Amino acid sequence: MSGGVAIVGAAECDLGVTGASILGLQTQAVTRALADAGLKLSDVDGIATTGVSRFSATQLADHFGLTPRWTDSTYAGGSAFEMFVARAAQAIAAGQAEVVVISFASNQRSAKSRSLAGVLENHTPEAQFETPYAPLFPLSYYAMAAQRYLHVYGKTRAQLAEVAVAAREWALLNPKAFRYGAGPLSVDDVLGSTMISSPLTAGDCCLVTDGGGAVVLTSAERARDLAKKPVHVLGYGERTTNTSMTAVADLTVSGAAGAAQDALARAGLGIGDIDVFEVYDSFTITVALTLEALGLCGPGEALDLIADGNIRPGGGLALNTSGGGLSYCHPGQYGVLLLVEAVRQLRGEAGDRQVPGARHALAHGTGGILSTHATVVLGVEP
Amino acid sequence: MSAPDVPPADEITAGWWDATREHRLVVQGCESCGAVQHPPRGVCTGCGETGALVWRDDTGAGVVDSFTVVHRAPRKDLAVPYVIARVRLDCGVLLLTRLEGADAQVWHIDDRVRVAWVDLPDGRALPVFTPAD
């Protein structure tokens with residue numbers, strides 16, 4: 001099932017430390033993705049974006065001089081873009097829009113706009129019942145999930161650090177990666193880096209960089225006439241679980257499970273049919289919880305699954321092939337770049353990090369404090 | 001911990017904060033289905049009733065569900081390290097809180113804890129947790 005919708009363009013804006021504005025980076029992302037598709041700004045009649053302003057899609061439409069027939073600015077942290085793919089596929093299938101651009105860009109590193117406390121909203125229950133204790137947001141929540149996970153399953157910080165070690169290995173193959181050229185990362189490097197919120201060190205945490213990207217969607221029918229090999233949207237699913245740090249009873253269980261089940265069922269595929277996985281790696285623990293939720297292994301087995309180089313280049317499980325948020329780029333809402341990398345892998349454009357013969361890719365976004373979860377399944381055939 | 005700024009209570013949370021003025025920990029419960037929940041809401045998440053929510057006095061005893069020692073403070077006026085935790089009260093609800101009264105490095109998941117209070121300048125108090133014995 002797809003409704004016959006494909007991703008026909010994908011691109012990054014400038015990454016790293018740019019000194020550029022959000023709208024400047026958005027313009028790069030959108031115009032590059034359209035050029036990749038062989039389309040023009042005037043072809044766009046649907047916009048989905050977030051992180052621009054309170055009226056994000058409206059702001060971007062205004063900036064581009066467009067009056068779109070369809071927009072979406074759902075705020076769901078890093079998973080918003082996987083949700084946008086679902087909404088866009090439905091809008092295109094329903095005839096409300098023909099060419100949709102999904103984009104994000106941030107200048108958070110240049111602008112020094114990120115706070116360890118997160119964004120405070122005084123009218124929420126969290127402001128009364130959680131913020132007064134001064135948890136790092138979102139870091140302390142993931143740290144508590146990691147602490148619980150390691151305790152319950154008798155695992156070690158060193159085993160968890162492999163997520164970051166493997167991400168660096170992939171980044172060394174990606175010239176766009178922030179850590180490209182930084183050399184390999186060892187388990188000891190991760191364990192010995194600055195402790196932020198135990199058991200997570202700076203090495204367990206994603207980068208804080210500028211960056212972003214865009215993907216262009218249209219009908220599979222129109223996609224046939226465009227510049228690049230279409231990447232078909234085969235399935236999608238999502239779960240929304242919590243804003244509070246106390247809403248989820250078990251910190252080791254992620255809403256990703258339901259999202260992935262829905263997406264795979266819609267695609268008519270099993271997890272074993274997926275060749276490339278691009279999953280949100282805000283923190284090392286995020287990946288462990290997500291791999292289990294996706295059904296790649298049972299509860300408590302993720303750190304065994306990733307051991308022995310299994311998720312490094314050449315390993316058995318092609319995971320976060322760009323280098324991920326940990327070593328490639330993390331502009332705050334990284335989910336759009338999961339889609340960009342999945343598209344490149346399915347087109348065979350990934351250079352030294354190409355997974356040979358990849359036919360199905362899964363992108364999984366996670367937002368907030370394991371709050372929002374969205375999965376997209378993509379394929380080279382409809 | 002020193003007294004932090006806490007936003008004012010609203011019509012949903014006022015009963016919870018009022019009890020803290022007497023160092024009483026209360027939990028919102030539903031007289032219709034028996035569920036307990038935190039933070040307070042205008043509706044029971046167990047059964048959907050809006051008219052059956054009451055405040056139940058809690059013993060203030062619980063267990064550490066998980067915790068994290070914060071080594072890098074989000075604000076300059078905070079001294080590190082400090083311990084953020086999820087405490088599961090014996091009645092079943094989870095609270096986000098601080099663990100106090102012991103060195104930051106000695107805590108373990110499943111440690112038994114009991115409530116203690118940090119008084120706020122406006123007369124309310126903020127619950128934190130200390131070792132049970």
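**Domains, contacts and a sheet**

Tutor: Let us begin with a distance. Taken over C-alpha atoms, the centres of domain 1 of chain A and domain 2 of chain A are 23 Å apart. Keep in mind that this is a predicted model.

Student: How many residues does domain 1 of chain A bring to its contact with domain 2 of chain A?

Tutor: Each domain has its own side of the contact. Domain 2 of chain A supplies 32 residues. For domain 1 of chain A, the number is 33 residues.

Student: Which element gives the largest share of the side of domain 1 of chain A that touches domain 2 of chain A?

Tutor: Start with the elements that give two or more residues to that side. They are strand 1 (5-12), helix 3 (80-93), strand 4 (99-106) and strand 7 (211-219) of chain A. The largest share is seven residues, and it comes from helix 3 of chain A.

Student: How many residues on that side of domain 1 of chain A are nonpolar?

Tutor: Sort them by class. On the side of domain 1 of chain A that touches domain 2 of chain A, 12 are polar and five are charged. The nonpolar residues number 16.

Student: Now chain B. What distance separates the centres of its domain 1 and domain 2?

Tutor: First find the two parts. Domain 1 of chain B covers 8-58, and domain 2 of chain B covers 59-133. Over C-alpha atoms, their centres are separated by 21 Å.

Student: Which elements of domain 1 of chain B give two or more residues to the side that touches domain 2 of chain B?

Tutor: The contact takes 14 residues from domain 2 of chain B and 10 residues from domain 1 of chain B. On the side of domain 1 of chain B, the elements that give two or more are helix 1 (14-20) and strand 2 of chain B.

Student: Which are the edge strands of the open sheet of three strands in chain B?

Tutor: Read the order, which is 2-1-3, with antiparallel pairing. An edge strand here pairs on one side only. That gives strand 2 (36-37) and strand 3 (53-57) of chain B.

Student: Which residue in strand 2 of chain B stands opposite Gly29(B)?

Tutor: Strand 1 (residues 26-30) of chain B pairs with strand 2 of chain B over two bridges, in the antiparallel sense. Opposite Gly29(B) stands Val36(B).

Student: Last one. How many residues does chain B give to its contact with chain A?

Tutor: Chain A gives 28 residues. Strand 4 (61-70), strand 5 (82-89) and strand 6 (94-99) of chain B each supply at least two residues of the side that touches chain A. By class, that side of chain B has 15 nonpolar, six polar and four charged residues. The number from chain B is 25 residues.

How values were computed:
Residues are numbered from 1 along each chain as its sequence is written. Chains are lettered from A and ligands numbered from 1 in the order in which they are written. This is a predicted model: local features need pLDDT of at least 70, side-chain atom pairs count only at pLDDT 80 or more; totals for chains, interfaces and linings use all residues. Two residues are in contact if their C-beta atoms, placed from the backbone, lie within 7 Å. Helices (H or I, at least four residues) and strands (E, at least two) are DSSP runs, numbered from the N terminus. Ala, Val, Leu, Ile, Met, Phe, Trp, Tyr, Cys and Pro count as nonpolar, Asp, Glu, Lys and Arg as charged, and the others, Gly among them, as polar. Two strands pair if DSSP finds at least two bridges between them. Domain bounds come from an automatic or database domain assignment.
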